[in-house]
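Colleague: I would like to learn how to read a few features of a protein model. Could we take them one at a time?
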Amino acid sequence: MEAFQSLHGLNKITVVADAAMLSAANLEALTKAGYTYIVGSRLQKVPYDIAEFQKSGELSDQQVITMQQDGYRVIYQYRTKRAALDLRNIEKQVAKAKKQSVDRLHPTRQSS
């Protein structure tokens with residue numbers, strides 16, 4: 001990156017990447033080298049503050065929420081379409097788990 005920066009006469013570079021491209025060690029190295037970065041990622045778990053917004057119905061489609069977390073600025077964007085898909089997937093997983101539970105309780109029953 002230093003060569004790229006020098007070649008193009010850049011004073012400052014911000015690295016933009018998908019979370020799959022950068023490890024924690026790479027992010028730490030970027031920070032130590034003085035680079036800033038933006039990492040895009042889907043959340044595995046909804047942060048508490050956003051869950052509270054969801055409960056109160058205060059979230060609107062494409063709403064952006066900015067927070068400080070572990071010394072970093074974290075920017076979340078709520079998407080109604082994504083939330084609906086996540087809920088459908090959760091419902092499918094619950095239905096599958098219930099079916100497997102019933103099948104285990106009644107082993108002679110044929111599953112379809």
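Modeller: Start with the term helix: helices are DSSP runs of at least four residues, numbered from the N terminus. The model here is predicted. In it, helix α4 covers residues 80–105, and I90 lies in this helix.

Colleague: Which residues make the nonpolar surface patch of about 270 Å²?

Modeller: The patch is made by L87, I90 and V94.

Colleague: Why does I90 count as partly exposed?

Modeller: Partly exposed is the range between buried, under 20% relative accessible area, and exposed, over 50%. I90 has a relative accessible area of 46%, so I90 falls in that range.

Colleague: Where do the side chains of strand β1 point?

Modeller: They alternate along residues 14–18.

Colleague: In which sense do β1 and strand β2 pair?

Modeller: The two pair in the parallel sense, over five bridges, with β2 formed by residues 36–40. From β1 the chain passes through helix α2 (residues 24–32) to β2, a right-handed β-α-β crossover. T14 stands opposite T36 in β2.

Colleague: How many aromatic pairs does the count come to?

Modeller: A pair of aromatic rings is described by the distance of the centres and the angle of the planes. The count comes to one pair. Y37 and Y72 form a tilted pair, 6.3 Å centre to centre with 45° between the planes. Y37 is in strand β2 and Y72 in strand β4 (residues 72–77), so the pair links distant parts of the chain, 35 residues apart.

Colleague: What is the relative accessibility of Y72?

Modeller: The value is 43%, and Y72 therefore counts as partly exposed.

Note on methods
Residues numbered from 1 in each chain as written. Predicted model: local features only at pLDDT ≥ 70, side-chain atom pairs only at ≥ 80, totals over all residues. Heavy atoms only, no water. Patch = residues over 30% accessible without salt bridge, like charges linked within 9 Å, V, L, I, M, F, W, Y side chains within 5 Å. Areas by Shrake-Rupley, 256 points an atom, 1.4 Å probe, with all protein chains shown as cover. Salt bridge = Lys/Arg side-chain N within 4 Å of Asp/Glu carboxyl O. Buried < 20%, exposed > 50% of the residue type's maximum accessible area, 1.4 Å probe, protein only. Pairing = 2+ DSSP bridges. Right-handed = clockwise from strand over helix to strand, strands pointing away. Phe/Tyr/Trp six-rings, centres within 6.5 Å; stacked < 30°, edge-to-face > 60°.
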